[in-house]
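Hi,

Here is the structure I promised to pass on.

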Amino acid sequence: MSVALARPSFSERHAATLRQLRFYVWSFGRSPSSMLGLAIVSVFLLLAAFGPWIVPYPLDGAGAMNLGNRLKPPSAAHWFGTDEMGNDLFSRVVLATRTSLWVGLTIVGVATLVGVPLGIAAGYFGGVVRTVIMRVTDVFLSVPGIVLALAIVAALGPGILNGIVALSIVWWPGYVRLVEAKALALRNEPFVEAARSVGAGHARILALHILPNCTSPIIVKASMDMGLAILAAASLGFIGLGAKPPAPEWGAMISVARTYMPNWWWYAVFPGFAIYLTVLGFNLFGDGLRDILDPKSSRG
Amino acid sequence: MTAPLLEVTGLAKTYPLKGGRAVRAVDGIDLALTPGESLGLVGESGCGKSTVARLLLRLIEPTSGVIRFAGTNIATLSDAALRPFRRDAQIIFQNPHAALNPRRTVFASVAEPLVVQRIASGTELQGRVARLLQQVGLPETFLWRYPHELSGGQKQRVCIARALALEPKLVVLDEPTSALDVSVQAQILDFLQDLRTRFGLTYLFISHNLAVVRQVCDRVAVMYLGRIVEEGPAEQVFAAPRHPYTRALVASVLPPRPGALPDAPLAGDVPNAAEIPPGCRFAPRCPLRMERCTRDDPALEGNAHRVACWAA
Amino acid sequence: MTPLLDIRGYRLAFDGFEGRAEVLDGIDLAVQPGETVGIVGETGCGKSVLARSIARLVEMPPGRVLGGSIAFEGQDVFAMDGRALARLRGHGVAMIFQDPMTYLNPVFSIGSQMVDVIRAHDRAEGRSMRARPAARTRAAELLAAVRLPEPDRLLDRYPHELSGGMRQRVLIAMALSGEPRMLVADEPTTALDVTIQAQVLRLIAELVATRGLTLLLISHDLGVIGALCRRVVVMYAGTVVEDADAGLLFDRPRHPYTRGLLAAVPDLARPDHRVAGIPGHIPNLLAPPGGCRFHPRCPLAIPRCAAEKPGLRDVDGRRVACHRAEEAA
């Protein structure tokens, strides 16, 4: 009898995974709101990636001065109008997507990297480990995130980097809560008991049995949090603690624009609309992901 | 008489509750399994039979008691010292779907014991896993499949292959066929019988289904509310049960025949394991209750056929 | 006599990602008033979805009726308007299910849920709704009828305070509140322990006898079916394969699947009977086998079985769907 096995081809070995992916695409495609979310998120990502090459006035992003053109209403040359420096608002709104994207990714990324390991440890080990982690988490959760972030930024000084640091510090507890509950449930699953009964150690169980089965809710939460993190960063910008003009950032733009309301409405409306669409897009997208990845939790 | 493979004395598991109360899930049981035999552990939900399974394998920590396996008390060993025992004793769970990690292939699941115990790797590992699948009657093409592509019976066969990987002496089967259809259950029961004779395995077979236990087991122990109330040769216990609870259980079994609706032999529900009645724990529901039963707790007495009842 | 329930050529499919699964493939079943009928079969045979179809409880889509009809008291179930449907569900067909907790709302007391159900039945019947105290009295009567002790106190308790057996009794009491003609019980005791199962089955048997109910009992357990039903319908992969008087079916099964099923059940009273499984596994309903759906697993299969779907025929005092029913004895 031959000992070595004929290794099947990639498509044979991954037939199930491929079919699963096709199923995800199929069920995602059946929900109009998920598709709308996907479309918005795609446009957002494309603009973030290629913004500098497609906007009509790339230099306006850095805050060029063109005072002859200031506060012009929307027109064929300036689709969203111009601001008080005469910069093209369309260019600035589009260029700001890049800022928002990396703000969102950093905050959610840091929160995941901090929150997930803590959550898994709390849920899996239980006992004292859990008590300590969860009480610290509770302390963070009991203070409204944005208020805490304000305090941190106030201490560090305003600026977009400090804003991101502050928001990352307040963002991770949600992930601890989410993952802790999941790990707690997984800990008693028979397949984890089976691994323990053959002598598997904690590291192996955590890496192969617990973590891979926690990924769906983490992905769902992360995609929804992208929108919320962008909104929070914009809020900091709006109250003057985040990005500073002339850096293109939606919150900061609205902050300046509010003194020009209502006569020069376009100045505030277009960045506001961009924030609204982005948050909506990530929320719809996250909802759609939850329906396919984590169907149990979506049916209340 | 041969030395027992597994000998349990005074095994107990208590879960403390607030207010000084406690759930006595397993409340002092004695058991012995000789090599090669098959002992059935029967009882209704909440009687503690699944807790016993997990205690015996040290998946949960016993509150007290001795678990002697091949002469060593494993109840107090450290995780590291338990490693050899982890080869010799395996468990098969009720729900084969939950017993396999949905994110891992059949190969990864069956190979896990061999990898963890550092017994095989590389092509040798692949060959062994393929042979194990063959032994449980599954084609080699299943190696790269995921659990959700398999039927319930096929998943249970994968679990059996995983349990056999380390060539264990003792296999604890916790309701291994309860989640399966009868036609598949029959296949698996037949197969388990065959394995036992082929590899000289010792079974602790936990089930709520008396007819299934009668098919597979030589001896049977009946649990009620954390205690064994009757224990003996399967034939005797089912044909001539001595404990009133066993009698009620046997009378409740519905045979596959028309018109056989039993009179409900027991009234009421099983009490909560946090409020075990004083005296004999079955007394409040017992048709034979005497004054003494509510006062003194009967012990399991007898030789081959033991029973814990004042009226027996 | 007009049957109470008349199902003819009923075909149901579910549309999903991988295509259309034909879960019921031409069901013919007529139930006379007062009959006790058991439907037995394994996972995926379509017994539960058939039971739900009677009260039009199958979600459409993804479900889709491909053909046939279901009539209750001569009325086409699929043609009913909202009012007629509400009346059917309370007064015509009452259903109880495997897991009673799913059908009880955990945040309301037993009493308030029963009062709501009783008043909803009043409305469906076109009567004026009775006052809450009167409905509560009625609820207590119903709880007493299902042998629950201290019904008045029980009305103020919440579902989680009750044991599984008690919850199932509460569900049965609710099912009785509309004075139904037919009780459809889908695996009513599967989640219960054997001693509790015996209590609940005895209760159902008594209620059926004293109230003249027609019983349709769905179960995978031949013991449960045998205990309560005079007539047994065996289903396999969306088809009825045999339909016979219980005595006849258990003693002299004609369909090879029925025989396989009986041979697979362990019997405490007959320990020498070594159980035998049915080789193979249930077919994928996305692409069911042609001809007889059981033929790939059938020990008696001949080429004709793969080519031609056998219809239900009268053979040896029962209906059976097998080309070789005469030989198989």
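Below is what turned up, grouped by type of contact and then by element.

First, the ground rules. This is a predicted model, so to speak of conventions: local features need pLDDT of at least 70, side-chain atom pairs count only at pLDDT 80 or more, and totals for chains, interfaces and linings use all residues.

The rule takes rings of Phe, Tyr and Trp (its six-membered ring) with centres within 6.5 Å, and calls planes under 30 degrees apart stacked, over 60 edge-to-face and the rest tilted. Tyr245(B) and Phe282(B) make an edge-to-face pair, because their ring centres are 5.3 Å apart and their planes stand at 65°. Tyr245(B) belongs to helix α9 (residues 244-252) of chain B and Phe282(B) to the loop between α9 and β11 (306-307) of chain B, so the contact ties together parts 37 residues apart in sequence. Helices (H or I, at least four residues) and strands (E, at least two) are DSSP runs, numbered from the N terminus. Both Tyr245(B) and Phe282(B) are buried; that means under 20% relative accessible area, with exposed over 50% and partly exposed in between (1.4 Å probe, protein chains only).

In chain C, Tyr10(C) and Phe78(C) are stacked, at 5.9 Å centre to centre and 25° between the planes. Tyr10(C) is in strand β1 (residues 5-16) of chain C, while Phe78(C) is in the loop between β5 (75-76) and α2 (82-92) of chain C, 68 residues apart. Tyr10(C) is buried, with a relative accessible area of 0%, whereas Phe78(C) is partly exposed at 28%.

Chain A has a cluster linked by ring pairs: Trp79(A), Phe80(A), Phe90(A), Trp265(A), Trp266(A) and Phe270(A). Charges sit over rings there too (NZ of Lys or CZ of Arg within 6 Å of the ring centre and within 35 degrees of the ring normal). The charged end of Lys221(A) is over the ring of Tyr175(A), 5.2 Å from its centre, and that of Arg258(A) is over the ring of Phe238(A), 4.9 Å from its centre.

**Salt bridges**

The count is 60 salt bridges over all chains, each being a side-chain nitrogen of Lys or Arg within 4 Å of a carboxyl oxygen of Asp or Glu. A few to look at:

- Arg128(B) pairs with Glu167(B), with the closest N and O atoms 4.0 Å apart. Arg128(B) is in helix α4 (residues 122-135) of chain B and Glu167(B) in the loop between α5 (152-164) and β7 (170-174) of chain B, so parts 39 residues apart in sequence are tied together. Glu167(B) is exposed, at 61% relative accessibility.
- Lys309(C) and Asp25(C) meet at 3.2 Å, N to O. The pair links the loop between α11 (303-307) and β11 (313-315) of chain C, where Lys309(C) is, with strand β2 (residues 19-31) of chain C, which holds Asp25(C), 284 residues apart. Lys309(C) is partly exposed at 43% relative accessibility, but Asp25(C) is buried at 13%.
- Arg147(C) and Glu206(C) have their closest N and O atoms 2.5 Å apart. Arg147(C) is exposed at 52% relative accessibility, and Glu206(C) is partly exposed at 27%.

Chain B also has a salt-bridge network that links Arg24(B), Asp27(B), Arg227(B), Arg281(B) and Asp297(B).

**Helix and sheet in chain C**

How many residues of helix α1 (residues 47-54) of chain C are buried? Six of its eight, so to the cut-off above the helix is mostly covered. The buried ones are Lys47(C), Val49(C), Leu50(C), Ala51(C), Ser53(C) and Ile54(C). After α1(C) comes Arg56(C), with a positive phi near 55°.

Four strands of chain C form an open antiparallel sheet in the order β2-β1-β4-β5 (strands pair if DSSP finds at least two bridges between them). At the edges are β2 and β5 of chain C, each pairing on one side only. Strand β4 (residues 63-72) of chain C is joined to β5(C) by two bridges, and Ala71(C) has Asp76(C) in β5(C) as its bridge partner.

Cheers

Conventions
Residues numbered from 1 in each chain as written. Chains lettered and ligands numbered in written order. Heavy atoms only, no water.
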